Amino acid sequence: MIRSYKEDSVPVLPDLTAMLDIIFIVMVFLILTASVHINSLDITLPTTHDNAVLTPSEEAVITLNILSEAPYWALEETPYQHFSDLTAALHALKAEHPERSLLIGADDDAPAGQMIKLLAYLKQHPFPETHIMMDETQ
């Protein structure tokens, strides 16, 4: 079928504005709810009921351990008796390697107060990334 239009008439097209609005809203929702996978070391520490497998990280990190008995702190395998000594060494390492993330490993029987003290310090002196090591339940 052949249609003829007058020279001054324009064919009527549907308004797609509402459909484009919905598409952009759905895209924003999907982008904001996308999960981010973080790699960390696979070690034997406190357990979690999450079935996610922890894989080794290839990047250089600063390791900090919280032990169950005194000395309660170890930074890069060096034990520290006092928290003030640990924070001074941690501050120096952060200044030396500002791009490295912090990897915290706490013993299963370590006092919770030691972890809370460390987290309070890290809130005031944040690292680019901070990871807490966990192991999945057996």
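Where is the place of Glu 76?

Guide: Glu 76 is found in the loop between β3 and β4, the latter strand covering residues 78-80. Please bear in mind that this is a predicted model. The backbone of Glu 76 deserves attention, as its phi is positive, at about 55°, although the residue is not a glycine. With a relative accessibility of 34%, Glu 76 counts as partly exposed, because that class lies between the limits of 20% and 50%.

Glu 77 lies in the loop between β3 and β4 as well. Here too phi is positive in a residue other than glycine, with a value near 70°. Glu 77 has a relative accessible area of 77% and is therefore exposed, the cut-off for this term being over 50%.

From here one may turn to the loop between β2 (61-66) and β3 (73-75), where Pro 71 lies. The peptide bond that leads from Ala 70 to Pro 71 is cis, and its omega is near -10°. Glu 69 belongs to a surface patch of negative charge, in which it gathers with Asp 107, Asp 108 and Asp 109. Of these residues, Asp 109 is placed in the loop between β5 (101-106) and α3 (112-124). Asp 109 is exposed, its relative accessible area being 63%.

Thr 87 sits in helix α2, which comprises residues 83-96. Its relative accessible area is 14%, so Thr 87 is buried. The side chain of Thr 87 reaches the backbone oxygen of Ser 84 at 2.9 Å.

Key:
Residues numbered from 1 in each chain as written. Predicted model: local features only at pLDDT ≥ 70, side-chain atom pairs only at ≥ 80, totals over all residues. Heavy atoms only, no water. Helix = DSSP H or I, 4+ residues; strand = E, 2+ residues; numbered from the N terminus. Buried < 20%, exposed > 50% of the residue type's maximum accessible area, 1.4 Å probe, protein only. Polar contact = N/O pair within 3.5 Å; in protein donor to acceptor, adjacent residues only side chain to side chain. Patch = residues over 30% accessible without salt bridge, like charges linked within 9 Å, V, L, I, M, F, W, Y side chains within 5 Å. Areas by Shrake-Rupley, 256 points an atom, 1.4 Å probe, with all protein chains shown as cover. Salt bridge = Lys/Arg side-chain N within 4 Å of Asp/Glu carboxyl O. Lys, Arg positive; Asp, Glu negative; His and termini not counted. Charge placed at Lys NZ, Arg CZ, Asp CG, Glu CD.
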